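Please work through the exercises below with the sequence and the model side by side, and try each task before reading its solution.

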Amino acid sequence: MAFINEKTHDLNAKIVYVGPAGSGKSTNLRWIAEKTDKDRVGDLITMNRQEAGRTAYFDFLPIFVGKLRGFKTRVHLYSLPGNAPFNSTRRLILRGVDALVFVADSDPRRLQDNLDALKQARDGLTSVGLDPAKMTMIFQYNKRDLADAVPEADLSELLGIRSQSVFPAVASQGEGVYDTLRRASRLVLDNILEDSRGRTNGRAQAGA
């Protein structure tokens, strides 16, 4: 979960973009890296490594979002490959994640791929000791510019979405990219504040 260094007054949170291959995870991060003020965003880094005879990769992008209760707050964005079996790279990236952004592909030919990727993401959380039911998850329905894009209501029914935040997007044009990021970041930071208040109240009660 979020890492807080009270000595240096740094707060770091992690948001991971998941979804089927080609759904637009890396496109989201590239748009954010290119369009965000350079004093607020670091370099977009793509890492490649060999695992079990195949190439595994992930994208990484740090963003400085300002100060939160006096702490210099950064959100670290990652995207994970959508076509590789669960491996050590996935476990490394998902460990300590604060929220997931699931990028669904609106192409009607990718419905099963969306389902498989969602199951893979949930299985990945379980493998690193996190409860999928308690994980903050944002859904982005990408490629809404397709002529035959699956209706949003049908995608929600397919994925079993009831109350989670959902954002339509055309990530290649930047549509919905920042809306998705802002919502995910806000939820993560709100959770951090709530946990921080809980710890403060607990210490106060213990000292009473």
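Predicted model: local features only at pLDDT ≥ 70, side-chain atom pairs only at ≥ 80, totals over all residues.

Residues are numbered from 1 along each chain as its sequence is written, and side-chain values use heavy atoms, with hydrogens and water left out.

**Exercise 1. The chain as a whole**

Solution: Begin with the elements, where helices (H or I, at least four residues) and strands (E, at least two) are DSSP runs numbered from the N terminus. Next, take burial, where buried means under 20% relative accessible area, exposed over 50%, and partly exposed in between, with a 1.4 Å probe and protein chains only. By this rule 46% of the 208 residues of the chain count as buried. Finally, take contacts, meaning heavy atoms within 4.5 Å: among those in the chain with a separation of 6 or more, 69% are between residues 24 or more positions apart.

**Exercise 2. Serine 23**

Task: Find where serine 23 lies, and list what its side chain reaches.

Solution: First locate serine 23 in the loop between strand S2 (10-18) and helix H1 (25-35). Then check its surface: the relative accessible area of serine 23 is 0%, so this residue is buried. For its polar contacts, look for pairs of N or O atoms within 3.5 Å, where within protein one atom must be able to donate a hydrogen and the other to accept it, and residues adjacent in sequence count only if both atoms are side-chain atoms. The side chain of serine 23 reaches the backbone oxygen of proline 20 at 2.9 Å, and a polar atom of this side chain lies 3.1 Å from the backbone oxygen of valine 103. Leaving aside residues up to four places away in sequence, serine 23 touches Val103, Ala104, Asp105, Asn142 and Lys143.

**Exercise 3. Aromatic pairs**

Task: Describe the ring pair of phenylalanine 58 and tyrosine 78, and then that of phenylalanine 102 and phenylalanine 139.

Solution: Rings of Phe, Tyr and Trp (its six-membered ring) pair if their centres lie within 6.5 Å, and planes under 30 degrees apart count as stacked, over 60 as edge-to-face and the rest as tilted. A search of the whole structure finds three aromatic pairs. In one of them, the rings of phenylalanine 58 and tyrosine 78 have centres 6.1 Å apart and planes at 40 degrees, so the pair is tilted. This pair links distant parts of the chain, with phenylalanine 58 in strand S4 (residues 54-68) and tyrosine 78 in strand S5 (residues 71-79), 20 residues apart. Both phenylalanine 58 and tyrosine 78 are buried. The pair of phenylalanine 102 and phenylalanine 139 is also tilted, at 5.7 Å centre to centre and 50 degrees between the planes. Phenylalanine 102 lies in strand S6 (residues 99-105) and phenylalanine 139 in strand S7 (residues 136-142), so this pair ties together parts 37 residues apart in sequence.

**Exercise 4. The nonpolar cores**

Solution: A nonpolar core is a set of buried Ala, Val, Leu, Ile, Met, Phe, Trp, Tyr and Cys residues joined through side-chain atoms within 4.5 Å. The largest such core has 27 residues, of which Ile15, Tyr17, Ile32, Leu61, Leu77 and Val101 touch the most other members. The elements that give two or more residues to this core are S2, H1, S4, S5, S6 and helix H5 (177-207), and its largest share, seven residues, comes from H5. A second, separate core of 26 residues includes Leu118, Phe139, Tyr141 and Leu155.

**Exercise 5. Leucine 125**

Task: Is leucine 125 buried or exposed, and which residues does it touch?

Solution: Leucine 125 is found in helix H3 (residues 111-127), and with a relative accessible area of 0% this leucine is buried. Not counting residues up to four places away in sequence, leucine 125 touches Leu94, Val97, Leu100, Leu130, Pro132 and Met135. The C-alpha atoms of leucine 125 and leucine 100 are separated by 9.9 Å, and the two residues are 25 residues apart along the chain.
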